[in-house]
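Biologist: Please take a close look at the aromatic residues in this model and at what surrounds them. I would like one connected account.

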Amino acid sequence: MNRPAPVEISYENMRFLITHNPTNATLNKFTEELKKYGVTTLVRVCDATYDKAPVEKEGIHVLIVDDWLNLLKTKFREEPGCCVAVHCVAGLGRAPVLVALALIECGMKYEDAVQFIRQKRRGAFNSKQLLYLEKYRPKMRLRFRDTNGHCCVQ
């Protein structure tokens, strides 16, 4: 299968790497790519297609998407500007939706979030996902202040 190359989406002090899922055969190259972007957390949004142990051995935590927004709030508070990688099967649907949700939670309009991601990730989002994002009502969960009173994510 021909898959798109990983793309980095940066907004304020948040960085995301949207990528496809690796296989055990491509895991070394995949892990090197994650390290190139400084990824320390990888979120899986699909069934496991690889053994996560070699990735974690490289210091990259592999998580599932059970609490995405709380994860981001913690990560970007503790490590402003760090890069969180997220993948689904092809990196065109569920992974971009999660990044869009993070951008919307920061105050970006859904249309702007979709356009912002599609500039770098052509083919991202299907019509069902766009409808979900359009109806999504943010609670501004990623707007918070750090200990010095500065906005960490905005």
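Modeller: A charge is taken to sit over a ring if NZ of Lys or CZ of Arg is within 6 Å of the ring centre and within 35 degrees of the ring normal. The model is a predicted one, and in it the charged end of Arg44 sits over the ring of Tyr50, at 4.7 Å from the ring centre.

A search of the whole structure for aromatic pairs finds five. One of them joins Phe16 and Phe76 in an edge-to-face arrangement, with 5.8 Å from centre to centre and 85° between the planes. This pair links distant parts of the chain: Phe16 belongs to strand β2 (residues 14–19) and Phe76 to helix α3 (residues 68–78), 60 residues apart. Both Phe16 and Phe76 are buried. Another pair is that of Phe30 and Tyr50, which is tilted, with 6.4 Å centre to centre and 45° between the planes. Since Phe30 lies in helix α1 (residues 27–36) and Tyr50 in the loop between β3 (39–44) and α2 (53–57), the pair ties together parts that are 20 residues apart in sequence. Phe30 and Tyr50 are both buried.

Trp68 leads on to the packing of helix α3, as Trp68, Leu69 and Leu72 of α3 make the contact with Leu98, Val99, Ala102 and Glu105 of α4. The residues of this contact divide into six nonpolar, no polar and one charged. Helices α3 and α4 (residues 94–105) pack at an angle of about 65°, their axes being 11 Å apart. Their crossing is right-handed.

Leu71 is found in helix α3 as well. With a relative accessibility of 18%, Leu71 counts as buried, because the cut-off for that class is under 20%. Leaving aside neighbours within four places in sequence, Leu71 is in contact with Thr41, Val43 and Leu63. From Leu71 to Ala85 the C-alpha to C-alpha separation is 12 Å, and the two residues are 14 apart in sequence.

Glu105, one of the α4 residues in the contact with α3, is also touched by Met140, as are Ile104, Cys106 and Gly107, not counting residues up to four places away in sequence. Met140 is found in the loop between α6 and β6 (144–145). Its relative accessible area is 35%, so Met140 is partly exposed. Met140 and Gly107 are 33 residues apart in sequence, with 6.6 Å between their C-alpha atoms.

A further aromatic residue, Phe125, has a phi near 80°, a positive value in a residue other than glycine. Phe125 is placed in the loop between α5 (110–118) and α6 (127–135), and is buried, with a relative accessible area of 6%. Glu12 likewise has a positive phi without being a glycine, of about 55°. Glu12 is found in the loop between β1 (7–11) and β2, and with a relative accessible area of 56% Glu12 is exposed.

Note on methods
Residues are numbered from 1 along each chain as its sequence is written. This is a predicted model: local features need pLDDT of at least 70, side-chain atom pairs count only at pLDDT 80 or more; totals for chains, interfaces and linings use all residues. Side-chain values use heavy atoms; hydrogens and water are left out. Rings of Phe, Tyr and Trp (its six-membered ring) pair if their centres lie within 6.5 Å; planes under 30 degrees apart count as stacked, over 60 as edge-to-face and the rest as tilted. Helices (H or I, at least four residues) and strands (E, at least two) are DSSP runs, numbered from the N terminus. Buried means under 20% relative accessible area, exposed over 50%, partly exposed in between (1.4 Å probe, protein chains only). Axes are lines fitted to C-alpha atoms, for helices over the stretch in contact, and angles run from 0 to 180 degrees between N-to-C directions. A crossing is left-handed if the near helix is turned anticlockwise from the far one by less than a right angle, and right-handed if clockwise. Contact means heavy atoms within 4.5 Å. Ala, Val, Leu, Ile, Met, Phe, Trp, Tyr, Cys and Pro count as nonpolar, Asp, Glu, Lys and Arg as charged, and the others, Gly among them, as polar.
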